[in-house]
Amino acid sequence: MTPALLWIPLLPLAAFALLITCGRRLAPPVAGWVAVAALAASAGATLALAEPVLRGQRLAVRWAWLSAGDPRWALGLAVDGLSWLMLAVVTGVGTMIACYSIGYMRGDPRYPRFFAYLALFCASMLGLVLADHFLLLYACWELVGLCSYLLISFWFEKPAAAAAGRKAFITTRIGDAGLLAGILWLAWAGGTLQFDALAGLRETLSHGLLTAISLLIFLGAVGKSAQVPLHVWLPDAMEGPTPVSALIHAATMVAAGIYLVARTLPLFTPESLQVVLAVGLLTHLAAGTVALTMTDIKRVLAYSTISQLGLMMTALGLGAAALAMFHLTTHACFKALLFLGAGSVIHATHEQELGRLGGLRRAMPWTAAVFLIAAVSMSGVFPLSGFWSKDAILLAAQHDGPPWLLGALLAGAVMTTAYVFRLYLRCFHGAPAPHAGHESPLIMVLPMAVLALGAAAVGLAGSPWLAHPLLHLLGLTQIHAGIDVPILLWSTLAAAAGLWLAWSVGVRRARPLPAALRPLGTRLYTWAANKYYVDEWYQRLIIGPYLAAARGLSRFDLRVIDGAVDGAGLAGRALAVWKERFDRLVVDRLVNGTASAVRLAGAGLRWVQTGIVHQYLLVVVVAVVVVSLVLK
Amino acid sequence: MSVRLILLLSHALFALGVYGVLTRRHAIGLLLSIELILNAAALNFVLFSRAFGHVEAQAFALFIIALAACEAVVGLAIVIGLARHAHTVFADQVDLLKG
Amino acid sequence: MLLTWLLACPLIGMLVVLALPKTAVRAIRAAALLATGFALLLSLELLIAYQPAAAGMQFVERAPWIPPLRIFYHLGVDGISLPLVILTALLGFLACIASYSIAERHKEYFALYLLLEVGMLGTFLALDLFLFYIFWELVLVPMYFLIGIWGGGRREYSAFKFFVYTLAGSLAMLLAILALYFRAHTFDLLELAAAGRTFELGFQQLLFLGFFLGFAVKVPIFPFHTWLPDAHVDAPTPGSVLLAGVLLKMGGYGFFRIAYPICPAAAMGFGGAMACLGVINIVYGAFVAMAQTDFKRLVAYSSVSHMGFVLLGLASLTPEGLQGAMFQMVSHGVVTGAMFLLVGVLYDRTHTRELSAFGGLGARVPVYAGFLIFFSLASLGLPGLSGFIGEFLSLVGAFGVWRWQTVVSLLGIVAAAAYMLQVIQQVLLGPLNERWRELPDMTLREGLSLAPLLLVTLGLGVLPLALLEVQDGALQRLIAHVVGAR
């Protein structure tokens, strides 16, 4: 079965290579179908793997990469229950979304380029999921970040899109740096980067070391899965085409953080799980409140994604990796569907402000129907998919978490229902907006219908009615048998409360708060509507100082260091000038002075030289006489 | 003849020579005067040789005669050169060495 | 004789160019292209004939040159120099293609260019310290003229600064060479390496400092780096390519071939300082690059940042670290060489390098955009491309030895993403600047000079073992030599 393992990521990669090199020579729909075919083939290969994986078999293939001998630096692909589930999500949702994009992206000048990036993304994401080793995981982790960057800024003529892509890449790269540090530490301290060897490290490594490494790895997950405090890139990422938002920023890539933590859960100590829990819960609640106040339909969904990812992180914090993955699966279906529905609306009306939308139910019945299914599923209404996964998490919170956790999660559930129905009601109900919508073409509706099926029914695979095959696949053995009725009641109550809130406050604009509390409520609302000013704080505390430091260092480089070099040069020149002067005024004058002294003496003696021999002789004679007189 | 008289003679000769050197303008006259000075010296040598019994001094007298002959040759050659190039044989008219 | 022929190729080319009449521009170009092309072919033959498993130098040639001083014409390659020789030959050939844009004084230009290649190849091939020094200095002269005559901007200033700065560094090295000669009475690098282990620590430290100054200016190591941005900015495009691609590697190579083997104890003693300098290079270079507004200056400072990884890996003295340092040198040569070619392509068309003057070119020149994005990503260390391997291995090697330095240098990785994406955003993204409405895309010749680099970058990123295995034996022996001297 190992060839199938290789084909899964290689097929989309081949599609990418084909599309990036000669995509422009293909007619527009052909380029799209190439990507769809590759993804569908990957999905087929995944299905082919289902049988051995369900039997509990682990398939693996490895080859040397960075070192011929050292097993730490090998690459390997492996598939077990956890990665198979992710494979199914990525290839399944990916195929649907690629199909949908054929219709959505029609007429775009860079049509083949879009599908090339999409194929590259799927290849990297599949590589990430299949990696049995931190090294390949990290490589693919960066590559999906790159694809996210390329696709967010796909319409790069919009400055906002260009800026959003960059913000996404850099923000996640901060998390990636943490992940890289964790990997380096693990390689050095643990001596292995194999995922299947992680459990063994619990005995060999010290508790503090494990905590540190696991928190660094978690930092990577925080960045990729848009958890507080690195969540700021995801809402901006909505500048990209909507299918991209559905695939990358809802269903798959952002879930990679969840997958990473689930995969490396053996490394997490109770202390680091506390951190995971706290971050997840904070993200779940904070993003939920922001989603309640957003008026751009894609941003509502973006914050809803952040919030749902927070819920999965909370489950991971409880140690329930299987439940988090279960919710990831159902979430992939219903959130992708919500995005595709929103994309359908945007495609039809070219409008994404809630205030200018409404009453689209009649013009777009199919879209409205699938959107409703997704919304109900996300609200956790019995017996749709979202119910099973969310209730499993609530149950785990009740059993394993602190007593207040269940309450907090129920509050989150209320908000979930409230914002998603606020969105649904204001888009599809109420007075028709000026934009005349029309139903999207079949190529877009059909994938939505398939996903709606998933959003409704996938959860059954984790339900007690079918004896939890999904959870068994993920290696969970102790499962609450049957349906826990109190939790069912609570969550239904929460959904009802959310629905009521969405209707009365979101649509009818009622003011449920007593007058005394209204100023407080208004202030809270303003905060949430401004996303708690996180972007502004980052601008002020991180980006501003960073740019100032860059400029300051640049000036330092130019003035001080280069100045020192230039100064040394100038000092050398000044010294030369001074030396030249010394040379001219002192040394040269000494030489010339000697000569002129001799010349002066000669001029003085000139008059003696008359040239008349007699005078010389006279001098000689007189001198002889004088000398002889003296010597006498 | 006494030594004193001959000594007087040689001194007279010498003084005559010096006088001639200092006063003669003609180059040949100068040469003749120098000849006189040399002969005065030679006379002295011969005189002292006889008076003190030294033979070597007579040898010096012979030397001087030879020297005088050489001197006359060189001197006359200079004079001829002078006459050819400077067209004069008067010593005071040749002042090329005047500083 | 292979190595001598390799050196002779550009030399003969230079003589041919000199013999040709000044006006025969086509013939001059063809001669230069042929000479560098043959050198490239020979270097590839070297790679094919090279045996990674065999120990010691290969293709050795040794003939007495100045016997009374025991100076030999001694050439040879091993796993450390071979990748750099091939890199030099490759960049020499591609930059020669790019030199077609030189518009004046072709004869002088190509003659000097080929002389430069002789010097660069000789530096990597020489096994005699004296010969090494001669080639080392030989490189300066043509480069001085290339910048000073065919450059732009403040070219005289930059050329002068480059020359004097490098020469000042070389003088310290010359002192060390002399000290070494009077101690060991040989210039043979292999004998010196064997003798160096016996020197007392103080002498080794002095030697190391002397060599360090010489190499630090070339690498360049903070704070000796400021000649680099000036020289890069004002050099003609092929000059920048060779400057970044090869000349900086000469400094790094010096550490591998001379400073570390000859002064092993000092090298270990100075490891901490080297690692700190590496981190400063990485972080400082990245921060300063972020603030640049001139495209070429930005790439120049990114070079400072990337060469920091070489130092960091080198300081670790672990197999991974040294592998990473060597890999980073090759990868940086290829990637940054390509970046300078790309800047040159843009500058030839627009005559400006101000990043803010561009904008939205991605829609206008898609092929160029593809190349620029590709090499920017390689430069910021995207996995799958060569930059990642070098950085990753350097970090892995350094992590166990210099923990905090490594963690701090991760900052540089984040900052690299920031400035590289800034470039992409300012040049390619956003609305199209109306000034460049008619901008033509890359020509075939420009594409041909970049495509091999693209393939090498991708190939090294996907199959790094191809290069790592060539280097492995020599680096293992270097580590054993240095660490064993303790």
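**A colleague's note on chains A, B and C**

1. Let me start with the contact between chains C and A: chain C brings 39 residues to it and chain A brings 36 residues. Please keep in mind as you read that this is a predicted model.

2. Which elements of chain C give two or more residues to the side that touches chain A? They are helix H12 (271-290), helix H15 (361-364), helix H17 (386-399), helix H18 (403-427) and helix H20 (465-483) of chain C.

3. Now for chain C as a whole, which has 20 helices and two strands. Its radius of gyration is 21 Å, close to the 23 Å that the globule rule gives for 486 residues, so chain C is as compact as a globular protein of that length. Along the principal axes, the C-alpha atoms of chain C fill a box of roughly 70 × 55 × 40 Å.

4. How much of chain C is buried? Of its 486 residues, buried ones make up 63%. As for contacts in chain C with a separation of 6 or more, 82% of them are accounted for by residues 24 or more positions apart.

5. Turning to chain B, you will find three helices and zero strands, and the pattern along the sequence reads α-α-α. Why is chain B described as more spread out than a compact globule? The reason is that its radius of gyration, 16 Å, is well over the 13 Å that the globule rule gives for 99 residues. The box filled by the C-alpha atoms of chain B, taken along the principal axes, is roughly 50 × 25 × 25 Å.

6. Burial and contacts in chain B can be looked at in the same way. Among the 99 residues of chain B, 15% count as buried. Residues 24 or more positions apart account for 47% of the chain B contacts with a separation of 6 or more.

7. Finally, chain B also touches chain A: here 10 residues of chain B are in contact with 12 residues of chain A. On the chain B side, six residues are nonpolar, one is polar and three are charged.

Note on methods:
Residues are numbered from 1 along each chain as its sequence is written. Chains are lettered from A and ligands numbered from 1 in the order in which they are written. This is a predicted model: local features need pLDDT of at least 70, side-chain atom pairs count only at pLDDT 80 or more; totals for chains, interfaces and linings use all residues. Helices (H or I, at least four residues) and strands (E, at least two) are DSSP runs, numbered from the N terminus. The radius of gyration is taken over C-alpha atoms; the globule rule is 2.2 Å times the number of residues to the power 0.38. A residue is buried if 20 or more other C-beta atoms lie within 10 Å of its own, exposed if 12 or fewer, and partly exposed in between; C-beta atoms are placed from the backbone. Two residues are in contact if their C-beta atoms, placed from the backbone, lie within 7 Å. Ala, Val, Leu, Ile, Met, Phe, Trp, Tyr, Cys and Pro count as nonpolar, Asp, Glu, Lys and Arg as charged, and the others, Gly among them, as polar.
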